[in-house]
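Thanks for coming. I will go through one model this morning, starting with charged pairs and ending with the core.

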Amino acid sequence: MTDSTPEARLAQHGIILPTPAVPVANYVATVLTGSTLVVSGQLPLVDGKLFASGKLGEDVAVEIGVEAARYCMINVIAQVRAAIGDLSRVKRVVRLGGFISCVPAFTQHAAVMNGASDLAVMVFGDAGRHARSTVGVPSLPLDAAVEVEGLFEIG
């Protein structure tokens, strides 16, 4: 198997994209305007269940936070595929935004968000290198430990 497409890279790493989560409030999961696709924040859901809940620096270890960010990114990518059909249409991962539920003294936000960023580069190659913001927040929906949103250029 070649690693020339995002789908092939996912398969090579044993990643099966889930059915995208349906929004539970008054918003849509994605918005495509021109060549820009915006993906709403995704939680670390695995088989419909939250992978990690709580706060980093309190009851969630950094390593679990990294894995949670990775699962968030898997869900972001699933939303991208649902919106555009073929992941090969992604010309660029422009920006990722990471929200880390944490205690005020927590400072390892970047390490946690690398779970999402590393996956973006693995799946999309150089086109996966992106700008990013990562912030600590007091809480997230469903008490999730991490949430990730994305902005993509589509060809």
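E7 is partly exposed because its relative accessibility is 29%, where buried means under 20% relative accessible area, exposed over 50%, and partly exposed in between, with a 1.4 Å probe and protein chains only. Before I go on, this is a predicted model, in which local features need pLDDT of at least 70 and side-chain atom pairs count only at pLDDT 80 or more, while totals for chains, interfaces and linings use all residues. Residues are numbered from 1 along each chain as its sequence is written, and side-chain values use heavy atoms, with hydrogens and water left out.

Which residue forms a salt bridge with E7? The partner is R81, and the closest N and O atoms are 3.2 Å apart. A salt bridge here is a side-chain nitrogen of Lys or Arg within 4 Å of a carboxyl oxygen of Asp or Glu. R81 lies in helix 2 and E7 in helix 1 (residues 6-12), so this pair ties together parts that are 74 residues apart in sequence. Helices (H or I, at least four residues) and strands (E, at least two) are DSSP runs, numbered from the N terminus. R81 has a relative accessible area of 28% and is partly exposed.

By this rule there are five salt bridges. One of them joins R70 and E67, with 3.8 Å between the closest N and O atoms. Both residues lie in helix 2, three residues apart, about one turn of the helix. Another is formed by the side chains of E149 and R95, at 3.3 Å from N to O. That pair links distant parts of the chain, with E149 in strand 7 and R95 in strand 5, 54 residues apart.

Strand 1 and strand 2 (residues 36-42) run antiparallel and are joined by four bridges. V31 has V38 in strand 2 as its bridge partner.

What lies across the sheet strands? Contact means heavy atoms within 4.5 Å.

Last, the core. The largest nonpolar core has 40 residues, and those with the most contacts inside it are M73, I77, V80, F124, V146 and F152. Such a core is a set of buried Ala, Val, Leu, Ile, Met, Phe, Trp, Tyr and Cys residues joined through side-chain atoms within 4.5 Å. Strand 2, helix 2, strand 5, helix 3 and strand 7 each supply at least two of its residues. Helix 2 gives the most, with eleven residues. Not counting residues up to four places away in sequence, F152 touches several residues, including M73, V80 and F124.

Key: Pairing = 2+ DSSP bridges.
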